[in-house]
Amino acid sequence: MTAGWSVGSGLMEKLPDGVVTFLFTDVEGSTRLWEDAPNSMMEALRLHDEAIGSAVEAHSGLSIKPRGEGDSRFVVFGSAVDAVQGAGEIQRQLSDVDWPTPRPLLVRVSLHTGSAELELGDYYGSTVNRGARLRAVAHGGQTVLSGSTFELVQDHLPVGLTVTDMGAHRLKDLTRPEHVFQLNVDGLPDSFPSLKSLDAIPNNLPVQLTDLIARESELAEAERLLGETRLLTILAPGGTGKTRLAIQAAADLMADYPDGVYFIGLADISTSGDILQTVAEAIGVSLSSEEDPQTQLLEYLTPRRQLLVFDNFEHVSEGAPVVSEILRAAPDVTVIATSRSKLNVTGEAVMALGGLDTGWDTPEEALQIGGVRLFMDAARRSQPGILLGPEDLEPLAEILRLTGGMPLAILLAAAWVDMLSISDIATEIARSLDFLETTVTDASERHRSIRAVFDYTWGLLTPSEQEIFAALSVFRGGFTREAAEVVTGASVRDLADLAGKSLLVPSPENRRYSIHELLRQYALSELEGRPDRHHEISRAHADYYGDLTEASFKLFPVGEQLRMLDVIEQDLDNIRPAWRHHLATNNPAGVRKMVGCLWIVYEIRGWYQACLSLFAEARAVLDEDSDAAAEVVRAYVLAVHGATMALVGQADAALETSASAVEGMRTSGDSKDLFFTLQLQTQTLVYLGHFDEVEAPVNEALALGEAQDRRWADQSFWVAGFKNLGAFVALLAGDADRAVELIDESRRVLEPLGEFYYLTWNLGHRARVAAAEGRLNDAIELFSQSAGHARKIGFLRGLQFSMDSLGDTNLATGDLAAAEAAFIESLDAADRTRMVPEMLGALEKLGRVFVAEGRHTKAVELLATVIAEPASHRRLLAQSDSIKETASAELEKLQDAIDPEEYSAARAAGSSKDYRVVAKELINTIA
């Protein structure tokens, strides 16, 4: 981890770090004022902002941004004395305002001093959270200071300001009590009701060692549900933070329960018969020995308005009827229960608590992600002052993926930062669950390690549930009910029972179930402990997903391409292990079921490197000396591998592999097998520019496809699709009539199906014919339609080629803005598929747009960047000159267009830039 990122904004440079004082403001009762006088409130807020702004500026404060509602303010001061003077001035100026509202705006202010955790232009951490919680205890017109702020200003109070000691108070963050002081301003009211701290209402909520981090949305949802129900069960596996969330919700809602908020821990009791006594002890009721305990307790609760928090209900779940009796007898009592299984009583609302969010797109977004915030908060306790560096983001993402966002696992991982790098922590977690163990001596036995948490959960299951859950661990990335039944024999009831115990997470919207990754690893280790059962389940899993892949591929020729992609992509994490199982068990029949579908999915999505890896695994396993059936599979694998190698520029290997595939298929395959292999060989030859060799496989494939005595399933579709490639070959050869003939034959078959993949090419080739005939407006329309088809199925290579051609055509018409937009979208698609020549080609064409626009210096820089990249020696599809030759020719023209010194400087600047960085900058202009 590094000392942090450098951010060049002016605000970032001015923000103080180290020990600072934060000031928070908030308008009391603003919601009611908006309801009563919305028009007046607009003007009132303007006056409010002016008063606060001038007071802050006068005392060297910096406003960061609103914190909370739109009328709150968050300000930082480098000096506590300046902060106190600023707070006093805020209240003075606000008191002088002639408010247009029915009643004056009363603003509560809090001041808290501590270490600033400053990253990317904002402050994070416990000091900020503490200051916000301190504001919540104050009343409108009142200013309160924390003990740390008072210590710094007590001997330096300006004239006209005094301080009143309000004593120690527990804030709603539930951590240590805060010594609170009231700032008094001469001439302004200094008498207020009691502070709205936790001490104002009877409670036994336990002190927490840390803030609740990154559960804002879940906390809001829990509080919303508690406004609608009197029994809320927070359901989650161990280590998810359900207890902390329940306690925080209780603290936040305390004002609604004047008779008390009580925490009732059930972890230490052994039977449901102990629940009544535990409740009585928590709320301070003495149960006599003469009367029935339940009657006594219910008589006490009946008239009271209380909130009861039952924690760890799962191991005394048979005692759930006690909760029902309480709710029936005491109409103003509300219950929160935390459990790993539902209480299954009338009126229960369930809130399933999952892991923290873990994904981000940019470094700036990373700091807002729940998993990152929790990791960094915990890491700073192990290594104060530590900041997150760019090199840490990838391994931290892996940690969060491996932990599934489980808070306990994140905390245990972060505790290692004083000894290991984040990268090393990720590596250790991947090796073993046992790495996630704490040495903290006061941690509960069940929370000392992830394995201990799961051991406890496992022990709560019946033997039948253990066997089913272990079998379900073979699934990765989720599964359907049908898959669970076929592979493991689990019934709907079994799945419901496991979901009710927080071991499965059902997703009704897509009818799937998922298992937390760490739980899955634990259960898988249990399954692996029974080798015969493990082998049986793994075989059933591979067979199921082999069949699913084969069946899904049949959707492709019948107008169901989007559905096929959806089915396969949802289960890719299961399909890949199935593929590898078939390879490992020497099952070429299983592999054959999957080859075609995997090829088309990876082709459409542009996952070329992943496709190379997947099919290289198969090449390494399939034996050249195998029987005829296995040789057919091997030839298919070689054909796909060769075509993919061509797309990433591995020319020699692609040609050799493709030729081997055709040779093998001639020996062992039938006409359909050979047709597909020739199709892939044609694609390979075209993409590598071997146009003189392509006519023979095209003619042979068309002859096989159109032979009336050799029919196979969906033959007309696949032949129609291939005719698009044949048409492109004809265009390259200058035979426009043959190209148009093949295009029209293909279209007649494909258009009625609502097809996307092959019609992307068909429309593009029709556009090329139109362009060649000078019908540029028709070409633009057809290229746009082609790109639209590609977008609908996420076909990145088709999109890249269509947008590149659209850019060419727009450039020819002189529509430079449209050409630039098209080339940038082509660049983006090429970047996402890591197709380097296509990226460089798009950059070179953008250089030509800049020339046409008169942006000569920019054009020189861009073209120099292209030429400096070694891959620029490659040729783009259907172009005779290399990218470097084309870019160099453009550069040569520019030498006379601008000043020689300016030209030299621009060329030097461009040559020093990485084409990938330049590409990202351009892509971001249309993002």
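## Strands, rings and cysteines

Strand β6 (residues 143-145) and β8 run antiparallel and are joined by three bridges. Strands here count as paired if DSSP finds at least two bridges between them. Helices (H or I, at least four residues) and strands (E, at least two) are DSSP runs, numbered from the N terminus.

A quick note on the ground rules: this is a predicted model, where local features need pLDDT of at least 70 and side-chain atom pairs count only at pLDDT 80 or more, while totals for chains, interfaces and linings use all residues. Residues are numbered from 1 along each chain as its sequence is written, and side-chain values use heavy atoms, leaving out hydrogens and water.

Back to the strands. Leucine 145 sits opposite phenylalanine 181 in β8. Strand β7 (residues 161-169) also runs antiparallel to β8, with eight bridges joining the two, and histidine 169 faces glutamate 178 in β8. How many of the eight residues of β8 (residues 178-185) are buried? Seven are, so strand β8 is mostly covered. "Buried" means under 20% relative accessible area, "exposed" over 50% and "partly exposed" in between (1.4 Å probe, protein chains only).

Next, a parallel sheet. Five strands make an open sheet in the order β10-β11-β12-β9-β13, with parallel pairing. Its edge strands are β10 (261-265) and β13 (349-352), each pairing on one side only. On average, neighbouring strands of this sheet are turned by 20° against each other, direction ignored. Axes are lines fitted to C-alpha atoms, for helices over the stretch in contact, and angles run from 0 to 180 degrees between N-to-C directions. Strand β9 (residues 231-235) pairs with β13 in the parallel sense over four bridges, and isoleucine 234 stands opposite methionine 351 in β13. Helix α8 (residues 242-252) packs on the sheet, touching β9, β10, β11 (307-311), β12 (334-339) and β13. The direction of α8 makes about 165° with that of β12. Contact means heavy atoms within 4.5 Å.

The loop between β12 and β13 holds asparagine 344. Its phi is near 55°, a positive value in a residue other than glycine. Most residues other than glycine have a negative phi. Asparagine 344 is exposed, with a relative accessible area of 64%. Arginine 834 also has a positive phi, about 60°, although it is not a glycine. This arginine 834 lies in the loop between α36 (816-833) and α37 (836-853), and is exposed at 55% relative accessible area.

Now for the rings. Rings of Phe, Tyr and Trp (its six-membered ring) pair if their centres lie within 6.5 Å; planes under 30 degrees apart count as stacked, over 60 as edge-to-face and the rest as tilted. By this rule there are 30 aromatic pairs. Among them is tryptophan 458 with tyrosine 522: the centres are 6.0 Å apart and the planes are at 65°, so the pair is edge-to-face. Because tryptophan 458 lies in helix α17 (residues 450-459) and tyrosine 522 in helix α21 (residues 517-528), the pair ties together parts that are 64 residues apart in sequence. Tryptophan 458 and tyrosine 522 are both buried. Tyrosine 757 and tyrosine 758 are edge-to-face too, with ring centres 4.8 Å apart and planes at 70°, and both of these tyrosines are buried.

A charge sits over a ring if NZ of Lys or CZ of Arg is within 6 Å of the ring centre and within 35 degrees of the ring normal.

| Arginine | Ring below | Distance from ring centre |
|---|---|---|
| Arginine 304 | Tyrosine 300 | 3.7 Å |
| Arginine 305 | Tyrosine 257 | 5.6 Å |

What about disulfides, meaning pairs of cysteine sulfur atoms within 2.5 Å? A search of the whole structure finds zero. Cysteine 597 is in no disulfide, and the nearest cysteine sulfur, that of cysteine 611, is 12 Å away. That 12 Å gap between the sulfurs of cysteine 611 and cysteine 597 is too far for a bond. Cysteine 597 counts as buried at 0% relative accessibility, and cysteine 611 is buried with a relative accessible area of 3%.

Zooming out, the chain has 41 helices and 16 strands. Of its 927 residues, 53% count as buried. The C-alpha trace spans about 95 × 75 × 55 Å along its principal axes.

Conventions: Disulfide = S-S within 2.5 Å.
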